[in-house]
Amino acid sequence: MNGSRSVAGRFAPSPTGFLHPGHASSFALAWLSARSQNGSIFLRLENIDDSRCRPETSTEIKRDLAWLGMDWDGQPLTQTDRLEAHLFALETLKKRGTVYPCTCSRADIVRAASAPQVGERDSGITRRYPGTCAQRSETEDRNLIAQGIPFCWRMRTPKNGWPDFVDGLLGKLPGSLADNEGDFVVWRANKGNQRGGPSYQLAVVVDDVFQGVTEVVRGDDLLDSTPRQLAIIQELGHSAPKYFHVPLVLDAAGRRLAKRAGSLSLAQLRAQGIGPWMILGQLAVQWGLNPTACEQTLERLRAIFCWNQLKTGPWEWR
Ligand SMILES: [Zn+2]
């Protein structure tokens, strides 16, 4: 499908906090994959979740990427500058009848869904949307607006289910990975003073298309998003990128590294006198690209980079 298109990858961080070695791992793999094929790589700041974003973090992210030796092409794209394009995509989905307005609150969904699974109760996992509003047509938004009832837009689960896909690292994967959520939100509702806007799933797809992205390299915690994003891409009539879902990096307690774990941020490691070549050296060992822990540069790794050699499965940052 990507036939004659030249390779283009991307970094798509959210400016909500410091980058940590898990980001370094997935961004370095995105860079290595694109650059080892003489491709481009773009930077996009995914700041649609306004409430959690801090403007100064964008500067920190660029500094961390440059410190590790990663460059990018052109100007960074800021997702909140793309609202018109996101709206246009929503209009297209409406015309195709694949979305409907949903007035359910989170509490409504929890009530309507079946009892939570063991261990799920307080985990914050979104419960499967039970389809309460699915009988609404895409034209009923006008009535809701007239009545002042807030609503989001949900995409219908395709008749034949979510699309299967082939991951460049993990092989063939089923679309049923996306079944956990059911019909999902593509446009968030207005809430109080906060205006609604595109969901992560819609914005990612529209902006990847705009930037000409042919390769999406990201953490495998996003695997279940991929069938949803592929469904949007199909409805909008675009070509799908290749996906590479890379292993998560865990902390010593076996938890996924998160931005709140400030002691493990790249900025903190830098302040401790750890050089980027040491971080890249450890990443190369864990990826399986290099058997012994030695200092590395991205340029050196680029010469030996090969997806086939990459290990799968989570690993611990030490
Ligand atoms: Zn609903």
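Colleague: Which residues does Q211 touch, not counting residues up to four places away in sequence?

Modeller: In this predicted model, Q211 is found in the loop that runs between α6 (200–210) and β9 (215–219). Its side chain makes a polar contact with the side chain of R44, at 3.0 Å. Leaving aside residues up to four places away in sequence, the residues that Q211 touches are F42, L43, R44 and L77.

Colleague: Does Q211 count as buried or exposed?

Modeller: The cut-off needed here is that buried means under 20% relative accessible area, whereas exposed means over 50%. The relative accessibility of Q211 is 11%, so Q211 counts as buried.

Colleague: Which residues coordinate the zinc ion?

Modeller: The spacing of the donor residues in sequence is C-x1-C-x24-Y-x3-C, and the angles among the four donor atoms run from 99 to 122 degrees, in a site that is tetrahedral. The donor atoms lie at 2.0 to 2.3 Å from the zinc ion, and they belong to C102 (SG), C104 (SG), Y129 (OH) and C133 (SG).

Colleague: How many residues apart are C104 and Y129, the pair that links distant parts of the chain?

Modeller: C104 counts as buried because its relative accessibility is 17%, and Y129 counts as buried too, because its relative accessibility is 3%. C104 sits in the loop between β4 (99–102) and α4 (106–112), while Y129 sits in the loop between α4 and α5 (141–146).

Colleague: Which element gives the largest share of the largest nonpolar core?

Modeller: This core has 39 residues, of which F11, M70, W287, W307 and W317 touch the most other members. The elements that give it two or more residues are α1 (21–36), β2 (40–45), α2 (55–67), β10 (242–246), α8 (266–271), α9 (276–287) and α10 (298–304). The largest share, eight residues, comes from α1.

Colleague: How far apart are the end C-alpha atoms of α1?

Modeller: Helix α1 is mostly covered, with 15 of its 16 residues buried, and it is followed by N38, whose phi is positive, near 55 degrees. At 1.5 Å a residue, the 16 residues of α1 should span 22 Å, and this agrees with the separation of its end C-alpha atoms, which is 21 Å.

Colleague: Where does P163 lie, and how far apart in space are P163 and S176, C-alpha to C-alpha?

Modeller: P163 is found in the loop between β5 (152–155) and β6 (165–167), and it counts as buried because its relative accessibility is 13%. Not counting residues up to four places away in sequence, P163 touches G175, P227, L230, A231 and Q234. P163 and S176 are 13 residues apart in sequence, and in space their C-alpha atoms are separated by 8.0 Å.

Colleague: How many of the 11 residues of α7 are buried?

Modeller: The buried residues of α7 are T226, P227, R228, Q229, L230, A231, I232, I233 and L236. Helix α7 is followed by G237, whose phi is positive, near 80 degrees. The helix is mostly covered, since of its 11 residues the number buried is nine.

Colleague: How far apart in space are P241 and V7, C-alpha to C-alpha?

Modeller: P241 lies in the loop between α7 (226–236) and β10, and it counts as buried because its relative accessibility is 10%. P241 and V7 are 234 residues apart in sequence, but in space the C-alpha to C-alpha distance is 9.7 Å.

Colleague: As what does A112 count at 46% relative accessibility?

Modeller: A112 lies in helix α4, and A112 and G161 are 49 residues apart in sequence and 22 Å apart in space, C-alpha to C-alpha. Because the relative accessibility of A112 is 46%, A112 counts as partly exposed.

Colleague: Which residues does S265 touch, not counting residues up to four places away in sequence?

Modeller: S265 has its place in the loop between β11 (249–250) and α8, and it is buried, with a relative accessible area of 5%. Once residues up to four places away in sequence are left out, S265 touches F18, L19 and H20.

Terms used:
Residues are numbered from 1 along each chain as its sequence is written. This is a predicted model: local features need pLDDT of at least 70, side-chain atom pairs count only at pLDDT 80 or more; totals for chains, interfaces and linings use all residues. Side-chain values use heavy atoms; hydrogens and water are left out. Donors are N, O and S atoms within 2.8 Å of the metal (3.2 Å for Na, K and Ca); water is not among the atoms, so sites may look incomplete. Four donors count as tetrahedral if all angles lie between 85 and 135 degrees; four count as square planar and six as octahedral if opposite donors are over 155 degrees apart and all others between 65 and 115; anything else is irregular. Helices (H or I, at least four residues) and strands (E, at least two) are DSSP runs, numbered from the N terminus. Buried means under 20% relative accessible area, exposed over 50%, partly exposed in between (1.4 Å probe, protein chains only). A polar contact is a pair of N or O atoms within 3.5 Å; within protein, one must be able to donate a hydrogen and the other to accept it, and residues adjacent in sequence count only if both atoms are side-chain atoms. Contact means heavy atoms within 4.5 Å. A nonpolar core is a set of buried Ala, Val, Leu, Ile, Met, Phe, Trp, Tyr and Cys residues joined through side-chain atoms within 4.5 Å. The expected span of a helix is 1.5 Å times one less than its number of residues.
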